[in-house]
Amino acid sequence: MKVIRVKNLIKKFGDFTAVDNISFSVDRGEVFAFLGPNGAGKTTTIKMLTTLLHPTDGEILLNGHNPVTEPYEVRSSFGIVFQDPSLDDELTALENMEFHGVIYKVPADIRRERIEQLLKFVELWERRNEFVKNFSGGMKRRLEVARGLIHHPKILFLDEPTLGLDPQTRNHIWSYITGLNKKDGMTIFFSTHYMEEAEKIARSIAVIDHGKIIDQGTVKDLEKRTKTSSLEEAFLSLTGTNIREEKPSGTDRMRIRRRLHRR
Amino acid sequence: MNTIYILWLRQLKRYSRSKARIIGSLGQPILFLVAMGFGLGPVFQRAGEGNYIQFLVPGIVGMGIIFTALFSGIEIIWDKKFGFLKETLVAPTSRLEIMIGRTLGGATVASFQGLIILLLSFILGFRPYDAALLPLTLVFIFLIALFFTALGTAIASVLEDMQGFQLIMNFLVMPLFFLSGALFPLEGLPEALKFVTSIDPLSYGVDGLRGTLVNIVHFGLTMDFLILSFITLVVLGIGSYLFSRIQI
């Protein structure tokens with residue numbers, strides 16, 4: 001059973017083609033890694049899958065629904081941990097969780113129960129009444145993962161969820177997520193730059209570069225085809241060793257300014 | 001319904017927690033009230049227009065409201081840039097609910113700000129004409145707040161980042177305020193200025209406040225109410241449309 005189907009998906013921003021005619025599918029209960037260098041089109045693809053961007057062309061079916069015409073059904077099926085933080089810094093950890101539970105229409109009693117359970121798991125229960133702005137990067141990430149799970153999604157999207165985290169936190173988060181995958185059959189769709197992470201966790205991999213999917217299969221398939229002995233080597237052999245340049249976006253500039261402003 | 005409530009609550013929590021913002025945004029209106037109220041008071045009196053503080057307070061209340069309201073609406077840019085908007089946009093709720101919750105929240109906050117200025121003006125000697133009309137004043141306060149929050153939301157839905165913010169302050173907020181009759185009577189103005197003031201939405205808001213607070217009206221309370229309600233609905237409609245088209 002395919003829970004995500006993507007056919008001939010294209011996204012253009014003006015003249016620039018960010019996602020160039022890609023097709024892939026993900027089985028229900030799969031742990032799927034979406035790998036690629038910076039600027040390859042990973043986040044753009046995830047945004048289209050999660051209804052935030054409309055495709056220029058092509059078809060998407062997520063849990064049997066089309067994100068453009070049935071956004072409501074699609075949004076009810078997934079949870080997401082974004083690449084950039086998406087918490088409200090001015091609210092407490094508990095308030096952020098409550099907010100999510102309410103807008104996802106989780107009934108109050110179940111909501112309270114799950115929030116407590118999830119916050120305990122990510123070890124933030126003791127600090128639930130503290131403002132998120134006082135949290136470290138790792139704590140925020142843990143909170144975001146916990147938040148994405150309140151409504152028990154069928155598919156969990158994780159866009160570089162462990163970026164900048166120490167190995168302890170990374171292990172902790174991954175062991176919980178893979179546990180959910182085993183226990184509830186939750187489909188996991190993630191992107192990461194840590195190849196050893198993908199090698200260890202993913203059962204299926206797609207490598208994207210310059211907006212095109214250049215290879216997909218299991219870790220073994222990729223290694224075999226590139227005649228390499230690790231996913232990292234396979235990845236470099238597929239995508240080359242050039243360092244990608246990314247122009248700072250307006251967002252990056254604003255982040256920098258805000259950071260300066262805060263000091 | 002719950003979605004609207006939790007978004008409204010979020011705006012209120014953010015407001016009540018940023019004491020600096022509350023006090024900071026009181027500074028300018030109070031400065032205007034004190035400096036102009038007492039500074040121009042004698043001239044105003046000699047011109048036979050009566051007590052300037054009485055005349056000015058409704059205008060300054062309007063000023064406090066539009067600054068806070070537009071800013072609350074424009075805050076969406078922050079949410080857009082710092083991620084929180086994504087969290088609400090991927091949730092299985094309609095964009096209309098999100099827009100309404102936010103706008104009501106922003107309008108409530110801006111109304112509080114207007115009320116605080118009104119209360120502070122009592123210290124400076126302001127006295128309303130008829131306390132029984134105060135509920136009507138509240139209606140106008142909320143309408144002004146709603147209109148300008150919706151306007152801010154509509155603008156923020158189109159803007160990419162805060163670069164345009166200064167532009168809005170200088171070319172929208174300031175003219176709206178200065179050309180609204182908040183500071184001067186609308187009677188006997190040069191034709192051009194008279195025309196401009198008559199298309200400034202804040203003119204009707206200030207007129208409504210002034211009518212209910214000190215019994216001085218230019219357009220008439222019914223007219224003020226109808227025009228404000230109408231343009232508020234229009235801007236809410238446009239804002240909802242623009243907001244529903246946001247892609248990030």
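1. Ground rules. Since local features need pLDDT of at least 70 and side-chain atom pairs count only at pLDDT 80 or more, while totals for chains, interfaces and linings use all residues, keep in mind that this is a predicted model. Residues are numbered from 1 along each chain as its sequence is written, with chains lettered from A and ligands numbered from 1 in the order in which they are written.

2. Chain B overall. This chain has 10 helices and 0 strands, where helices (H or I, at least four residues) and strands (E, at least two) are DSSP runs, numbered from the N terminus. The radius of gyration of chain B is 18 Å, close to the 18 Å from the globule rule for 248 residues, so chain B is as compact as a globular protein of that length. That radius is taken over C-alpha atoms, and the rule is 2.2 Å times the number of residues to the power 0.38. The C-alpha trace of chain B spans about 60 × 40 × 35 Å along its principal axes.

3. Burial and contacts in chain B. Of its 248 residues, 46% count as buried (20 or more other C-beta atoms within 10 Å of a residue's own; exposed is 12 or fewer, partly exposed is in between, and C-beta atoms are placed from the backbone). Among contacts in chain B with a separation of 6 or more, 82% come from residues 24 or more positions apart; a contact needs C-beta atoms, placed from the backbone, within 7 Å.

4. The nonpolar core. A core here is a set of buried Ala, Val, Leu, Ile, Met, Phe, Trp, Tyr and Cys residues joined through C-beta atoms within 7 Å. The largest one has 131 residues, and Ile66(B) and Phe148(B) touch the most other members. Helix H3 (residues 52-81) of chain B gives the most to this core, with 16 residues. Setting aside neighbours within four places in sequence, Phe148(B) contacts Ile65(B), Ile66(B), Ala69(B), Leu70(B) and Ala110(B).

5. Where the chains meet. The contact takes 23 residues from chain B and 24 residues from chain A. On the chain B side, helix H1 (2-17) and helix H4 (84-89) are the elements that give two or more residues, and H1(B) has the largest share, 7 residues. By class, that side has 8 nonpolar, 6 polar and 9 charged residues. Ala, Val, Leu, Ile, Met, Phe, Trp, Tyr, Cys and Pro count as nonpolar, Asp, Glu, Lys and Arg as charged, and the others, Gly among them, as polar.

6. The six-stranded sheet of chain A. The order is S5-S6-S7-S3-S8-S9, in an open sheet with mixed pairing; strands pair if DSSP finds at least two bridges between them. Strand S5 (78-81) and strand S9 (212-217) are the edges, each pairing on one side only. Neighbouring strands are turned by 15 degrees against each other on average, direction ignored. Helix H9 (residues 231-239) of chain A lies across S3, S8 and S9, at about 30 degrees to S8(A). Axes are lines fitted to C-alpha atoms, for helices over the stretch in contact, and angles run from 0 to 180 degrees between N-to-C directions.

7. Strand S7(A). S7(A) runs parallel to S3(A), with 3 bridges, and Val31(A) has Ile188(A) as its bridge partner. Strand S6 (residues 155-159) of chain A also pairs with S7(A) in the parallel sense, over 5 bridges, and Ile155(A) stands opposite Thr187(A).

8. Thr192(A). This residue is in the loop between S7 and helix H7 (195-201) of chain A. Thr192(A) counts as buried, with 22 C-beta neighbours inside 10 Å. Thr192(A) and Phe34(A) are 158 residues apart in sequence but 7.4 Å apart in space, C-alpha to C-alpha.

9. The three-stranded sheet of chain A. This open sheet has the order S2-S1-S4 and antiparallel pairing. S1(A) and S4(A) are joined by 5 bridges, and Ile4(A) stands opposite Leu62(A). Helix H1 (residues 42-49) of chain A packs on the sheet, touching S1, S2 and S4, with its direction at about 120 degrees to that of S1(A).

Conventions
Two residues are in contact if their C-beta atoms, placed from the backbone, lie within 7 Å.
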